[in-house]
Amino acid sequence: MAASCRWRHRFKSFGCLHNPKRHLTSLYDYDIVVIGGGSGGLACSKEAAQLGKKVAVLDYVEPSAKGTKWGLGGTCVNVGCIPKKLMHQAALLGSAVKDGQKYGWKIPGPVSHDWVTMADRVQNHVKSLNWGHRVQLQDKKVKYLNMKGSLVDEHTVRGVTPKGKEMQLTARDIVIATGGRPKYPTHVPGAVEYGITSDDIFWLKQSPGKTLVVGASYVALECAGFLTGVGLDTTVMVRSIGLRGFDQQMAGLVTDYMEAYGTKFAWKCVPKKVEKLPSGTLQVTWTDMLSKRDECDTFDTVLWAVGRAPETQHLGLEKAGVQINQETGKIVVGPDEATSVPNIYAIGDISQGRPELTPTAIKAGKLLARRLARQASEFMNYDNVPTTVFTPLEYSCVGLSEQEAELRHGKDAIEVFHAFYKPLEFTVAERDASQCYIKVVCLRGGDQRILGMHFTGPNAGEVTQGFALGFQCGATYPHLLNTVGIHPTSAEELTKVHITKRSGLDATVTGC
Amino acid sequence: WAARGGGGVAPSSSAGLEPRPPFAPCASDGEGVATGTRRDFLGMGLLAQIGRALRSAFAPSPRRPVGRAMASDAPLRFDFLVVGGGSGGLAGARRAAELGASAAVVESHRLGGTCVNVGCVPKKVMWNAAVHAEYLHDHSDYGFEGASGQFSWQLLKRKRDAYVSRLNQTYQNNLDKAKIQTIRGHATFVAGPEPTVEVGGKKYTAPHILVATGGRPSVLTDLEVPGGLRGDLCWLFFLFVSFRRSVIVGAGYIAVEMAGILSTLGSRTSIILRQGVVLRNFDSYISNNCTKELLNAGVDLWKHTQVKSVRQQRGGLEVTLVTKDPDTREEERTSVVQDVDCLLWAIGREPNTSGLNIREMGVELDEKGHIVVDEFQNTTRKGIYAVGDVCGKALLTPVAIAAGRKLAHRLFEGKPDSRLDYSCIPTVVFSHPPIGTVGYTEEEATKKWGKDNLKIYKTSFSPMYHALTTRKTQCIMKLVCAGAEEKVVGLHMQGVGCDEMLQGFAVAIKMGATKADFDRTVAIHPTSSEELVTLR
């Protein structure tokens, strides 16, 4: 800490921000100070440091309402992508036990799942990643400060240690990458008191037991999917539709599959209150919007997955004059990620209108670092962003949904090629494949440029990455057809898709 | 493994040993075939005899004696006559029928050819079973208790055969629906004013005849390896017992796939290879890594080794091997592997052209018997075309299918330029973990562009799936980029999920994607494939 105090003195003693002709670096403690050590912040700070910039990153995790804390790396590493994919893998292994028996494996006894074993291993892995990030920062000569950062003015950041100690750092450029946190429906009595969120689920010390997941975002469905998959009684409560913003036909397939594999759905229901019974279980009351009747049931855990909100209130944005979007609370940014204050930038989930995805934050962070280091001028392209929902039946897509394509181009101007296919691994396992589906949305005229690709099935994420590259290169429908398939894979079905929705013909794939 | 056509997919039948009539519809009684095979095999007892039986089964069938008098009537005419009901032939016939042609397919046995009956499909089913074996190792690491078990070959075999039979039936239905006549039997070209085919004493002709008879595994003669025993791949697909001790001869992808499956399913497995690594035609990054993964999985590799002789002993086969490493001055060593109950030759494939009488039609064959075709699948005889494995180029189902369809469009839709582009064909090897590769290897690219004009990007990492498992495999990836614009001309990878990853990249690489395009693509997190777009 002694060192940090010295910087403060330097700031005080130099304090001469008015001579732009002087070599700027010497004016500030750092070239770049990054607030937030998540995917975007870490990528940005490491890249900038590698390009010779003097960089500090401040990271501090405000404990969740339930008191859950974690280390460096942000949402993705600690309470997002990484633990959820590992638990998704566990769930897939759960169904693999059943499939394996069809493949000739005789498993004598009953198979059970121990949450603690899995969670311990997941948590250990996450902790190893936290450590890995620390080491990387050190290797790349990024100053890591376990402090909560906020703005003092356009060049000054105040850091507060977990113990309450304060310091100030100055920087030529400031990058805000503090991400977002799950929301609670504060209007529902008992919601905050008894409920948990995705910030807690991966760090539970014991099995959540019978769980109610409220919400139908991808977070909600992914959590419900792996909870079901490891054998827990799981219900999803949905107010309106599943996977808002995604192609709604695909969303339907995802939830149909989940229902077929044991996840219960309470459609068109809104929670009213949560009470704790003397036994310790939670009694949830909700309103069925169709029947207008109230219903209730008991659960061991209630998980709220009703959206995420940016943490902008305590960032001191107003002090530096950084504008936020009043509706969302997110920071308004331009195509160069700059906020309303030209030397302050915002990347990742905190910035308005950006996809809440790790890879976009990472890429935006790296590109920003290169621009700040005057090494490149390229801006982040937020179009063509592929994404995968790791529900029990994975769903991956890039480009427009069919509905969006219709809106933009008109129904007559688009052609939708589709196929219901059966992954080979489903056949011997005697699994129903009626939700394994491919949809390629193209322009109808010209060279039939592809507008969107959608795929549900095993390994959807692995399948789609390469197609996203093709999409980025401007792939057309003939490009797909002219590529030789890889047999027997699920991915090859994308190069064989030939039935149009318009034709009304049966889109079920038969034979090889 | 694209097609096994007119030559006959006679898995269980052979000249001397016929469990059922040759022309019986096959799809409905797949189980029957299996039972017949089993009984006969058990009855014969000695593996040596199995080998011999199979050798004749998979050799091109001898022309059947013509039962009835030679048809004096004029040959039956079609627009399009296809010899061989495998992947390429069926695809060509169906597309031709869609385009309005009257078509017929000649097939002596099960529809679907090599791919469906003794190739991709049963192979991948068994690979999936082996993947489950790997999962069972990992279950406890992911918190599952009680997930351990015994493997039943019989159960898998029954399920697999049932699935293959369903596919056979599907193919038959597809032909029937398309009003394509199925002609059962072996085809032989006969002389005439126009190319004519004789099947079971009847003659058929068409202005366009497509030969898509596929290929079969190569076998050695007694002179080459004394001992007379033959195993072959098709045999493995019809096996009915579990193997304790397997010896696989060969280092190609079939050897690698079979070794992976057998060893993962619990057989102690050895690979006998002439050189030092498997998959020598692949990028060296892959062939070295695959060799390493095989060793990690407990397969033992006999490098620089050949089979000298095979003897039947009481406990099984006794395989005598000769090892001579050319890089050392050591003497030749002779070793013996005892108690082998599965000896599998995977030393290459050869075309099903003998017995077709096709050379006599003026169709040129190369020295190995492959039909020589031009880029439009034309043979040297007008009106006769060939697609698939019988041509000896890119022995892959989708290649045969695409070539068959392109040909149909050229012949029956008046598209004179319709032909398959044989560049950038992606392939996957279902090893453990799987391999995906498309385009030039670094070695090939160096020859074509020169070392200075290439940039190679590589990565090696432990896939996230293994974060919780004690069993580990690596994922390796390599991009070969050529020229100043760094056009991606080759992609090679091995790792969990690489089988499903490759297809989309193949589309992009065929489109001419550059490294910059890869860099511009947003990753999908968390996947293994995202590593390909974040390579530095």
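Colleague: Which residue in S4(B) is the bridge partner of A:Ser112?

Modeller: B:Glu145 is the bridge partner of A:Ser112. Keep in mind that this is a predicted model.

Colleague: What makes strand S4 of chain A and strand S4 of chain B a pair?

Modeller: Two bridges join them. Pairing needs at least two bridges, so the label holds. The strands cover residues 112–113 of chain A and residues 144–145 of chain B, and they run antiparallel.

Colleague: Why is A:Arg121 with B:Asp141 called a salt bridge?

Modeller: Their closest N and O atoms are 3.4 Å apart. The cut-off is within 4 Å, so the pair qualifies. Across the interface of chain B and chain A the rule finds three salt bridges.

Colleague: What sorts of residues make up the side of chain B that touches chain A?

Modeller: That side divides into 45 nonpolar, 21 polar and 15 charged residues. Polar contacts cross the interface as well: 24 residue pairs, both partners at pLDDT 80 or more.

Colleague: How many residues does each chain bring to the contact, and how much area is buried?

Modeller: Chain B gives 81 residues and chain A gives 87. About 7,100 Å² is buried between the two chains, with carbon and sulfur atoms giving 67% of that area.

Colleague: Turn to A:Asp99 and A:Arg431. How do you know that they form a salt bridge?

Modeller: The closest N and O atoms are 2.6 Å apart. The limit is 4 Å, so the pair passes. Over all chains the structure holds 43 salt bridges.

Colleague: Why say that A:Asp99 and A:Arg431 tie parts together?

Modeller: Because A:Asp99 lies in helix H4 (residues 81–102) of chain A, while A:Arg431 lies in the loop between helix H13 (424–428) and strand S23 (437–443) of that chain. The parts they tie together are 332 residues apart in sequence.

Colleague: Which residues does UniProt list under "binding site", and what makes them a cluster?

Modeller: The unreviewed entry lists A:Gly215, A:Ala216, A:Ser217, A:Tyr218, A:Val219, A:Ala220, A:Leu221, A:Glu222 and A:Gly307. They are spread over 93 residues of sequence, yet the largest C-alpha distance is 13.5 Å. One of them, A:Glu222, lies in helix H8 (residues 218–229) of chain A.

Colleague: Where does the name "FAD/NAD(P)-binding" come from?

Modeller: From UniProt, as a domain annotation in an unreviewed entry, covering residues 30–365 of chain A. In the model, the end C-alpha atoms of that span lie 17 Å apart. The span is 33% helix and 27% strand.

Key: Residues numbered from 1 in each chain as written. Chains lettered and ligands numbered in written order. Predicted model: local features only at pLDDT ≥ 70, side-chain atom pairs only at ≥ 80, totals over all residues. Heavy atoms only, no water. Contact = heavy atoms within 4.5 Å. Buried area = accessible area lost by both parts, 1.4 Å probe. Salt bridge = Lys/Arg side-chain N within 4 Å of Asp/Glu carboxyl O. Polar contact = N/O pair within 3.5 Å; in protein donor to acceptor, adjacent residues only side chain to side chain. Nonpolar A, V, L, I, M, F, W, Y, C, P; charged D, E, K, R; others polar. Helix = DSSP H or I, 4+ residues; strand = E, 2+ residues; numbered from the N terminus. UniProt positions renumbered as here; feature names shortened; annotations may be inferred.
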